Amino acid sequence: MDFGSLYRTITDAYAAIPKTLSNEYAFPPIHVFIELTRRCNLRCAMCQNLPYMDRMSVREEKEQELTFDEVKSVIAGTPRFSLITFTGGEPLVRDDFAEILRHASSARRCHVITNGVLIDGETAELMVRCAGRNLLSRGLVFVGISIHGPAEAHDRITGLEGCFRRVTEGAKNLAETKAAAGSNLPFVYLCVVLTGETVTTLPEMPAVAKAVSADVLNVTLQNTSVELSIVSGATMETMFTCPRPPDFIEGEVLRERLSETLRRAEQLGIQVRLPRMPISDVVDYYTGTWDAGGYTCNAPWTKAFVSPRGNVYTCHQFEVGNVRERPLKAIWNSPEYRRFRRTLKQHRVFPICAGCCELEHVSGSGDRP
């Protein structure tokens with residue numbers, strides 16, 4: 001089953017009614033991202049948070065992160081049917097991550113995005129114990145593991161010698177623990193950010209996914225927009241600013257690598273999830289000719305994003321409040337949130353949105369290379 005397509009169908013339908021009937025209001029969020037920390041044990045070359053991490057004080061950052069009780073409060077303010085995604089930074093560096101996951105998985109469906117380095121046997125057992133019975137029940141249902149190439153390439157990109165070995169061992173720990181427990185959950189996917197470096201070894205990644213028993217290989221666009229927003233502080237004017245272009249990738253090379261990746265994935269029985277756009281637009285994005293005219297975004301009608309310090313964002317970009325000052329419920333349809341939705345609906349997408357994983361082509365097309 002293509003869970004990515006199913007998820008998009010559900011969220012698009014959930015957004016359609018309020019977005020059609022009102023410029024501003026939305027049903028309660030169906031998906032809440034909680035960025036537990038911006039601390040990380042890696043320094044991936046394409047990471048959007050690198051400028052922030054380079055100047056942050058680790059001690060100060062840790063002291064200002066939402067506490068366990070504050071995270072619990074955010075979760076309590078979400079609908080029971082919502083999905084909670086824990087991300088970072090690297091969420092597993094938090095000392096109380098196990099406590100957070102145990103609580104969240106007892107109350108909501110959960111999703112963890114990690115670099116996989118810290119998934120030892122104990123953490124794998126924790127994740128499987130927290131797994132839901134099925135996709136509709138409470139519990140951990142998805143784990144995303146970032147891995148950007150085979151051993152030499154991944155170690156170089158992450159800046160950590162032996163990183164590939166540790167990440168694949170972590171993914172295998174999770175697969176073996178699931179098998180021992182007789183559980184299909186959590187589903188595991190590998191995530192590759194498409195850059196000028198990762199495109200070279202992209203066709204090798206279906207075999208990596210197969211070797212660690214991952215369910216899906218997820219290929220995402222390189223996104224540089226955070227450098228203009230969360231890191232620097234976004235205003236409505238910032239939303240109309242174009243971000244720094246991604247790495248240039250020659251069009252024919254990109255098409256050939258994507259085509260070969262899909263061919264190998266089909267042979268190995270690995271599902272590949274590509275960006276929600278035609279392949280021709282993926283090529284245009286990396287050759288500097290992409291046009292946002294055919295796109296829309298439903299994120300502000302379906303999702304909320306909470307930073308480590310409690311700031312609430314309408315998407316990955318625009319801040320509208322803080323859960324330490326007002327509960328998420330009060331922020332969700334606040335004047336600030338409604339203004340953003342109204343402006344976004346008027347423009348469909350903003351220039352700063354280039355490369356964002358929430359972008360969706362209005363035709364819903366996704367041609368193959």
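Where is the place of Gly89? Gly89 is in the loop between strand 2 (83–87) and helix 5 (97–107), helices (H or I, at least four residues) and strands (E, at least two) being DSSP runs numbered from the N terminus. The model is a predicted one, in which local features need pLDDT of at least 70 and side-chain atom pairs count only at pLDDT 80 or more, while totals for chains, interfaces and linings use all residues. Residues are numbered from 1 along each chain as its sequence is written, and side-chain values use heavy atoms, with hydrogens and water left out.

The protein contains 15 helices and twelve strands. Its radius of gyration, 19 Å, is close to the 21 Å that the globule rule gives for 369 residues, so the protein is as compact as a globular protein of that length; the radius is taken over C-alpha atoms, and the rule is 2.2 Å times the number of residues to the power 0.38. Along the principal axes, the C-alpha atoms fill a box of roughly 50 × 45 × 40 Å. Of the 369 residues, 59% count as buried, where buried means under 20% relative accessible area, exposed over 50% and partly exposed in between (1.4 Å probe, protein chains only). With contact defined as heavy atoms within 4.5 Å, 77% of the contacts between residues at least 6 apart in sequence join residues at least 24 apart.

The backbone has several local features. Most residues other than glycine have a negative phi, and most peptide bonds are trans. Gly88 and Gly89, however, are joined by a cis peptide bond with omega of about 25°. The bond from Leu185 to Pro186 is also cis, with omega near 0°, and Pro186 is found in the loop between helix 8 (163–181) and strand 5 (187–194). Ser213, in the loop between helix 10 (205–211) and strand 6, has a positive phi near 60° and counts as partly exposed at 45% relative accessibility. Arg348 has a positive phi of about 75°; this residue lies in the loop between helix 15 (335–347) and strand 12 (360–361) and is partly exposed, at 42%.

Gln222 illustrates a buried loop position. The residue lies between strand 6 (216–221) and helix 11 (251–268), and its relative accessible area of 6% is under the limit, so Gln222 counts as buried. Beyond residues up to four places away in sequence, the residues that Gln222 touches include Met46, Val193, Asp247, Tyr285 and Gly355.

Aromatic rings form a further set of interactions. Rings of Phe, Tyr and Trp (its six-membered ring) pair if their centres lie within 6.5 Å; planes under 30 degrees apart count as stacked, over 60 as edge-to-face and the rest as tilted. A search of the whole structure finds eleven aromatic pairs. Among them is the tilted pair of Trp290 and Tyr295, with 5.3 Å between centres and 55° between planes; both residues are buried. Ring pairs also link Phe240, Phe318, Phe340 and Phe350 into a cluster. A charge sits over a ring if NZ of Lys or CZ of Arg is within 6 Å of the ring centre and within 35 degrees of the ring normal. Lys19 is placed in this way over Trp301, 4.8 Å from the ring centre, and Arg273 over Tyr189, at 5.8 Å.

Cysteines complete the account. A disulfide is a pair of cysteine sulfur atoms within 2.5 Å, and the count comes to zero. For Cys191, the nearest cysteine sulfur is that of Cys357, 8.7 Å away.
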